[in-house]
Amino acid sequence: MESQDPAVVEAVQASGESTLEKATAKAKETFDQLRNVSLNIAVTGKTGSGKSSFINALRGLNDEDDGAASTGVTETTMEPTMYEHPSNVRLWDLPGTGMPNFKANKFLKKVKFETYDLFIIISSERFKENDVFLAKEIQKKQKRFYFGRTKIDNDIRSVAKTRHFDEQQVLCTIREDCHRNVKELGNPKVFLISSYDLGKYDFHDLVDTLESDLSEYKRFALVQSLPVCSLAMLEKKKEVMEKFIWLAALGSSLGAVIPFP
Ligand SMILES: Nc1nc2c(ncn2[C@@H]2O[C@H](COP(=O)(O)OP(=O)(O)OP(=O)(O)O)[C@@H](O)[C@H]2O)c(=O)[nH]1
Ligand SMILES: [Mg+2]
């Protein structure tokens, strides 16, 4: 079975296989992997730190939109709540961790830590003991964690009118301040984020870091699920799609063989 269709010939080349049969078999396998992959991201942190707003932003929603996670200044998220993207990325909005007698181990058991591929621990102020305890427990359980410092737009706004205002300097100060509180964990990165302006600050850096820690298929699912919050994100989506474009070419030409949706 060889094809004269230039699109198919090109797709076979792009698949890295020598024949159409081999390329078709690889396409089927890759397609199954993409369909079956799942990525579970837990968003955790102190009550009111902006977990639900961050999840809404990751879903491309405003806090007031239909289907958005409830947000507010009073405690709103009491049970783990899952939000699923068609690319099989599940965002888990976990209850707040701010109580004084907080026990990280108990908390992780209660929220069924084994469900998640990774944890994003967020805080809208400098990281506290509870955040560090939680990160240590997550590490013990062989899972990854990432620190996100949220509501950066508030920090910027509060000093924007002062004399000699320098945004980069303010961001640098916040970053250093956050690092001081988590350095015992081996100097993890802290990503500065505004859920109201996801394309700004360190969100891209966070996505790049997550990507570099994920397998190829999970990476594809993650990037597909993210909203186009900037030109750079659009470029990233395009780049990731291009890697699998040969699948679509084979799928449309050989629809009966590869069950493309
Ligand atoms: N300016 C600004 N406000 C934010 C941001 N993220 C969240 N907020 C506000 O902070 C408040 C708390 O946000 P939530 O997302 O409800 O916080 P939470 O961590 O889910 O809170 P609980 O579910 O109670 O644990 C809300 O009034 C949000 O509008 C942000 O990036 N910038
Ligand atoms: Mg919430």
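Which residue forms a salt bridge with Arg157? In this predicted model, the partner is Asp153, with the closest N and O atoms 3.2 Å apart. Both residues sit in helix H6, residues 152–159. They are 4 residues apart there, so about one helical turn separates them. Arg157 has a relative accessible area of 54%, which means that this residue is exposed. Asp153 is buried, at 16%.

**Salt bridges**

The count of salt bridges comes to 19.

| Pair | Closest N and O atoms |
|---|---|
| Arg157 and Asp153 | 3.2 Å |
| Lys218 and Asp117 | 2.8 Å |
| Glu211 and Lys236 | 2.5 Å |

Take Lys218 and Asp117, joined by a salt bridge with N and O atoms 2.8 Å apart at the closest. Lys218 belongs to helix H9 (residues 216–225), while Asp117 lies in the loop between H4 and E4, so this pair ties together parts that are 101 residues apart in sequence. Asp117 is partly exposed, with 26% relative accessibility.

Now the bridge between Glu211 and Lys236, at 2.5 Å. It links distant parts of the chain: Glu211 is in helix H8 (residues 203–213) and Lys236 is in helix H10, 25 residues apart. Glu211 and Lys236 are both buried. Elsewhere, Lys46, Glu125 and Lys128 form one network through salt bridges that share partners.

How does the span of helix H5 agree with its 12 residues, and what is the end-to-end distance? H5 covers residues 129–140. At 1.5 Å a residue it should span 16 Å, and its end C-alpha atoms are 17 Å apart, so the two values agree.

Which residues of H5 are buried? They are Asn130, Asp131, Val132, Leu134, Ala135, Glu137 and Ile138. After H5 comes Gln142, whose phi is positive, near 60°.

**Two buried serines**

Ser123 lies in strand E4. Its relative accessibility is 3%, so Ser123 counts as buried. A polar atom of the Ser123 side chain lies 2.8 Å from the backbone oxygen of Glu125. Glu125 also belongs to the salt-bridge network with Lys46 and Lys128. Setting aside neighbours within four places in sequence, Ser123 is in contact with Ser49, Asp131, Gly148, Arg149 and Thr150. Asp131 is one of the buried residues of H5.

Ser53 is in helix H3, residues 51–58. Is Ser53 buried or exposed? Ser53 is buried, because its relative accessible area is 13% and the cut-off for buried is under 20%. The side chain of Ser53 makes a polar contact with the side chain of Asp63, at 3.1 Å. Ser53 and Asp63 are 10 residues apart in sequence, and their C-alpha atoms are 6.1 Å apart in space. Beyond neighbours within four places in sequence, the contacts of Ser53 are Asp63, Thr71, Ser195 and Tyr196.

**Positive phi in loops**

Most residues other than glycine have a negative phi. Two loop residues have positive values. His164 has a phi near 60° and is not a glycine. Its place is the loop between H6 and H7. His164 is exposed, with a relative accessible area of 73%.

Asn187 is likewise not a glycine, and its phi is positive, about 55°. Asn187 is found in the loop between H7 and strand E6 (190–192). With a relative accessible area of 55%, Asn187 is exposed.

**A nonpolar surface patch**

Which residues form a nonpolar patch on the surface? They are Val228, Leu231 and Leu234, with about 300 Å² of accessible area together. Leu231 is in helix H10, residues 231–243. Lys236, the salt-bridge partner of Glu211, is in helix H10 too. Leu231 has 64% relative accessibility, so this residue counts as exposed, whereas Lys236 is buried.

How values were computed:
Residues numbered from 1 in each chain as written. Chains lettered and ligands numbered in written order. Predicted model: local features only at pLDDT ≥ 70, side-chain atom pairs only at ≥ 80, totals over all residues. Heavy atoms only, no water. Patch = residues over 30% accessible without salt bridge, like charges linked within 9 Å, V, L, I, M, F, W, Y side chains within 5 Å. Areas by Shrake-Rupley, 256 points an atom, 1.4 Å probe, with all protein chains shown as cover. Salt bridge = Lys/Arg side-chain N within 4 Å of Asp/Glu carboxyl O. Buried < 20%, exposed > 50% of the residue type's maximum accessible area, 1.4 Å probe, protein only. Expected span 1.5 Å × (residues − 1). Contact = heavy atoms within 4.5 Å. Polar contact = N/O pair within 3.5 Å; in protein donor to acceptor, adjacent residues only side chain to side chain.
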